[in-house]
Amino acid sequence: MLSNIISLIIFPILVLGALGHKYENDEFEIEFMSKRQTTTLKGIMTIVVFFHHFSQMVNNTQWIEHSYRVAQYSVGLFFLLAGYVTMAGHMRKKDLNLKKIWSNRCWRLYLPIVIFSIIINNFLSGLLFFFIFTDLAFVFFNSNNRRLMFITFGNVLFIILCILIGKEAYWYDDVFTYAFGAAFALYREELIRYLRGKRYYLYTIVVGITFAVSTRLAYNWILFPASTIVSSTTGAFLIILVIMKINIKSKTFEFLGKYSWEIFLLHQLCIWSVSRISMHNSVVLIVSLTVAIAFAILAQRLGRVLKSKLRYDAA
């Protein structure tokens, strides 16, 4: 009962509170897709995915399971934001310091996934694949359009490789949004000018909802993973359209968003471990979420300490 209250009442209320903000004056230019806003979105999406996996790993959670099937769009949005942030960050730098980028990425991203993916595989390894293709795109090409084509090729290549080696659809059916995020970073101003027109914004919303719903239904009927790729991509883009009108603000979700990578890696292991100890769903939910967040904070800070210590010893 308590697990239902937390996941179906308390969390949605917190999300609605985060959504209850408008852009004031010229705030849109500063806030839309800013680091603070994208981090807050990651925090919300991380908890959505947590509830989704909780409902799959614990018994008698049918209401939560049905409510959090939207996790598909959350994962798609996570990849879209990653593509957007990485592409935009690379474009802002005149001289790309790959040594520094790879050093930071090793400690923050590669080290945790190497440690924890030994116990439980995670599709986030695909994100590391896309990061490398983005880096190489800026090494091999001077044109942003060609860079985007190369990134898109890497995105498609990952999906093909997953299919060829027999990976389940959940490894690849939500990841194509990375290329869309990179495209959004490249054509941001043009897209914003287009979508600022009320008629065009409405048309895009209607077309997006039609694609998201119809392709999702097609997946349920004929079990064709390609329909899920279209559905998750359009669904993630619809969320971006929503935040064009609503400024998402929440200190809680912004804090969680800073540790989203580590929480993604750890939360299933935490749910599984606690569910072996307790049969009470509310206990499993509260304890596993708390432990996942605590270990995520610890893992990130430990990485920083080790990185600083090695730099000090090397000096």
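What span should the 18 residues of helix H1 have at 1.5 Å a residue, and how far apart are its end C-alpha atoms? Helix H1 covers residues 2–19 and should span 26 Å, while its end C-alpha atoms are 24 Å apart, which agrees; the expected span is 1.5 Å times one less than the number of residues, and helices are DSSP runs of H or I with at least four residues, numbered from the N terminus.

This is a predicted model, in which local features need pLDDT of at least 70 and side-chain atom pairs count only at pLDDT 80 or more, whereas totals for chains, interfaces and linings use all residues. Residues are numbered from 1 along each chain as its sequence is written, and side-chain values use heavy atoms, with hydrogens and water left out.

Within H1, a kink of about 25° lies at Ile10, shortly before the proline Pro12, where the bend is the angle between axes fitted to the seven residues ending at a residue and the seven starting there. The buried residues of H1 include Ser3, Ile6, Phe11 and Val15; buried means under 20% relative accessible area, exposed over 50%, and partly exposed in between, with a 1.4 Å probe and protein chains only.

Most residues other than glycine have a negative phi. Met33, in the loop between helix H2 (27–31) and helix H3 (35–57), has a positive phi near 60°, and it counts as buried because its relative accessibility is 5%. Asn60, in the loop between H3 and helix H4 (62–67), also has a positive phi, of about 60°, but Asn60 is exposed, with a relative accessible area of 65%.

Conventions
Helices (H or I, at least four residues) and strands (E, at least two) are DSSP runs, numbered from the N terminus.
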